[in-house]
Amino acid sequence: MKSTHLSLIAGAVALAAITGFASVNAPAGPAAEETATASSLPVERSSLVCPAPSGSDLAETRYTSFTPPGTETGKGAGEGADGTAELKPALPVLDDDETETETDPKKAKKAEEAAKKARAKADKPVIAVKEPGKPALVEANGSGAPALVGTATGRLAPGWAAQQTTTVTVGGARGLLGVSCTAPDTDFWFPGASTARSRQDYLHLTNPDDSAAVADIELFGPKGAVTSEVGDGITVPARSSIALLLSTLTDESVNDLTAHVTTRSGRVGAVVLTADDGSGTDWLTTATDPSATLVMPGIPSDATSVQLVAYAPGEHDADVKVQLMGENTTFAPAGNDTLHIKSGMTATIDLKDITRGEPGSLRLTPVEKNRATPIVAALRVVRGTGAKQEYAYIPATGPVGARSSVTDNRAKGSTLSLAAPGATAKVKVTTSAGSGGGEPAVETYTVKAGTTMAVTPKPPAGLKGAYALTVETVSGGPVHASRALLLPQDGVQMFTVQTLPDDGGTVVVPSARQDLSVLDD
């Protein structure tokens, strides 16, 4: 019997469900016609990493984690019916003198005991989701809050999300720092980073795996590549996290640049912690992959300054139209309706207070459709002025797709922004139960084509603790979304913004339709 291709397809289906990644090349010929259907299956394993929250002793951090309900999968290998979803501390990185072989028996024993203690600590979960639909919340204060690495399996894997939110209320870089924990990957873009003297930008690299990863870092400014002799071959030890000050990678002081991180072996989570003296601090997460059309959703209505940073990584220059999708229509900002981005260079536009009292989202599209050059981009958004200002980043992001969730919503302070750059779309928004109690609720919204809708979610009835927001596309065109969390402090509008790309909770796999007459010799 000619059954080899069916065995391969069945194996790929199982692999895809477990890992979330699989591809199959069906054989050509009559048999291909019988196997060319596909289906979606929920993933059975997900990975997330979170950077170390802050170096401030006064930092107050909340870790939150959540898996949306409604996805049935098999149990994880060796796990309970729901599987597990746990984030554990990353292992400490030893100094060079600590890694040298110790010849003194007493010191060697002491070092061995310290290493054993660190491994035991790293094996204890900091936060764990117990059941789909119910968030988990843990607080950790001070500079000792660790970077986290973790895995979800079984019913807790599809759509698993986590966030760390840190408040620093004093100092030149006081502010609200929020970051969604990310899946490890091999390629990251950070338009909006800086090596300027007024900035302290740290690139955090976190390795979730049991073997070391090796990363390379490239920097690109307004004049092209920024000279660096120490950005290549950076080792990230197994299950560990490191932080690199970008200004130490080069002698050049550049206000606005694009950082590109790739791995030559292994995979990492990558995110940039930015701090600007007197202006605040926040995380800059990776922008979506280079594309000719980009959307940055959720510019606050009271933004006092908006700066666009874009980079063209290919061989060709890019000319893009700059448009704001407002509350009722799409329009081009006066004097900044187009942007020319030279190949290999970073370009910026000061859009000032572009929203003027209305919520908005920025859309970039090619000036000429037949010259669609891929680019990456992000926004730096400021609220307030002078000593009362605070900033956050909105990187270009992919659409919500089937579903996306964001955690650490509170009784007050959350704003959900929904942008429809194409056709009118309908979405379902679910507020989960709280981490300590409450009843979930569902609302449906219609977002008109070319507009942005800002929604203040209604917290679940009887809310205790934090809740999660889950957005699902019901019909119509693509929707891009972000959640802004506002926590005012002493007159400062401290805020942070997290985007909501598709959670990757399902994977498309081929499904075989067996025709025995084809298989017989």
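**A walk through a strand-built chain**

Take the contacts in the protein chain between residues at least 6 apart in sequence: 83% of them join residues at least 24 apart. Keep that in mind while looking at the structure, which is a predicted model. The secondary structure comes to five helices and 38 strands. The protein chain has 521 residues, and 50% of them count as buried. Its accessible surface comes to about 23100 Å². Carbon and sulfur atoms account for 50% of that surface.

Now turn to one sheet. Strands of a sheet pair through backbone hydrogen bonds, either parallel or antiparallel. Here, four strands form an open sheet, and their order is β33-β29-β36-β37. The pairing is antiparallel. Which strands sit at the edges? They are β33, residues 451-455, and β37, residues 495-499. Each of these edge strands pairs on one side only. From one strand to the next, the twist averages 20°.

Look at one pair in that sheet. Strand β36 covers residues 480-486 and pairs with β37 over five bridges. The sense is antiparallel.

Next, pick out a single residue, Thr 64. Thr 64 belongs to strand β3, which runs over residues 60-66. Is Thr 64 buried or exposed? Its relative accessibility is 2%, and buried means under 20%, so Thr 64 counts as buried. What surrounds Thr 64? Leave aside its neighbours within four places in sequence, and its contacts include Ile 127, Ala 136, Leu 137, Ala 161, Ala 162 and Gln 163. Thr 407, Asp 408 and Ala 466 are also in contact with Thr 64. Two of these names come back when we look at polar atoms. The side chains of Thr 64 and Thr 407 make a polar contact at 2.8 Å. A polar atom of the Thr 64 side chain also lies 3.5 Å from the backbone nitrogen of Asp 408.

Asp 408 leads on to the salt bridges. How many salt bridges does the structure hold? There are twelve. In one of them, the side chain of Asp 408 meets that of Arg 410, at 2.9 Å from N to O. Asp 408 counts as buried because its relative accessibility is 1%. Arg 410 has a value of 18%, so Arg 410 counts as buried too. Salt bridges that share partners join Asp 408 and Arg 410 with Arg 62 into one network.

A second salt bridge links the side chains of Arg 199 and Asp 201, at 2.8 Å from N to O. Are these residues buried or exposed? Arg 199 is buried, with a relative accessible area of 6%. Asp 201 is buried as well, at 1% relative accessibility.

Arg 383 counts as buried at 10% relative accessibility, whereas Asp 302 counts as partly exposed at 34%.

Note on methods
Residues numbered from 1 in each chain as written. Predicted model: local features only at pLDDT ≥ 70, side-chain atom pairs only at ≥ 80, totals over all residues. Heavy atoms only, no water. Helix = DSSP H or I, 4+ residues; strand = E, 2+ residues; numbered from the N terminus. Buried < 20%, exposed > 50% of the residue type's maximum accessible area, 1.4 Å probe, protein only. Polar contact = N/O pair within 3.5 Å; in protein donor to acceptor, adjacent residues only side chain to side chain. Contact = heavy atoms within 4.5 Å. Salt bridge = Lys/Arg side-chain N within 4 Å of Asp/Glu carboxyl O. Areas by Shrake-Rupley, 256 points an atom, 1.4 Å probe, with all protein chains shown as cover. Pairing = 2+ DSSP bridges. Axes fitted to C-alpha atoms, helices over the stretch in contact; angles between N-to-C directions.
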